[in-house]
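Morning, everyone. I'll take one structure today and keep it short. Please have a look at the model first.

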Amino acid sequence: MNKLLFNSIFVALLFAFTACGGGGDTAEETASQDAESAEAVDDGIRTIDIIGTDDMKFVVESEGEGLVTGGTAGEYILLEAIEVAPGEEIRINLTTVSNLPPTAMSHNWTLVEMGTDTDAFARASITARDNEYIAPDFEDQVIVHTAMLGDGETDSITFTAPEEPGDYDYICTFPGHYAGGMVGILRVQE
Ligand SMILES: [Cu+2]
């Protein structure tokens, strides 16, 4: 038996074994997830769980495909960018973890059109408390945003990524947080 053929058979057997075992695991995982969280949805949409911290950073608990990370932030990993395909449907789950009251520390995840002056947007939003800190003058440049969330709160948004490739900024519009580094990039690429 030549080596290539042997390898092919080996891989085929391995795949059969993995597929068999994988099926059972998936069923168990699904059951346990349902038990842990009634909000867990398994509809095939890529879901990114982001945490907003008291350090005014967007972080994740673990590395993931399509996530550009930048070192550790306490027990978390800094999230710098999210890579998506044009027109891809994705879901962002944002959760705030804080030791402070919501009036002092809340977060949102606000995605804006390419070319938006995010610095001006963030500054204008400081006085927009009654509009969840989204400056009305910039609302037409907001593609999508979560609710403003205090400690322990989570919001889930599902949306379709822009078709036009490029870098789209997302920021937290709570006063001072953009300046504090609460910003990242949704990178739309083929
Ligand atoms: Cu924030």
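One term before we start: a residue counts as buried when its relative accessible area is under 20%. Also keep in mind that this is a predicted model.

Let's begin with T110. Its relative accessible area is 0%, so T110 is buried. T110 sits in strand β6, which covers residues 110-112. Its side chain makes a polar contact with the side chain of N108, at 3.2 Å. What does T110 touch, leaving aside neighbours within four places in sequence? The list is F121, I134, V142, V144, H145, D169, Y170, I171 and T173.

Now the residue W109. With neighbours within four places again left out, W109 is in contact with I50, F58, I82, I92, L94, V144, H145, T146, I157, F159, Y170 and I171.

W109 also belongs to the largest nonpolar core, which has 28 residues. Which members touch the most others? They are I50, I82, I92, W109, F159 and L186. Several strands each supply at least two residues of this core, including β1, β5, β8 and β10. The largest share comes from β4, with 4 residues.

Now the whole chain. The protein has 2 helices and 10 strands. From the N terminus, the order is α-β-β-β-β-β-β-α-β-β-β-β. There are 190 residues, and 35% of them count as buried. Take contacts between residues at least 6 apart in sequence: 64% join residues at least 24 apart.

Terms used: Residues are numbered from 1 along each chain as its sequence is written. This is a predicted model: local features need pLDDT of at least 70, side-chain atom pairs count only at pLDDT 80 or more; totals for chains, interfaces and linings use all residues. Side-chain values use heavy atoms; hydrogens and water are left out. Buried means under 20% relative accessible area, exposed over 50%, partly exposed in between (1.4 Å probe, protein chains only). A polar contact is a pair of N or O atoms within 3.5 Å; within protein, one must be able to donate a hydrogen and the other to accept it, and residues adjacent in sequence count only if both atoms are side-chain atoms. Contact means heavy atoms within 4.5 Å. A nonpolar core is a set of buried Ala, Val, Leu, Ile, Met, Phe, Trp, Tyr and Cys residues joined through side-chain atoms within 4.5 Å.
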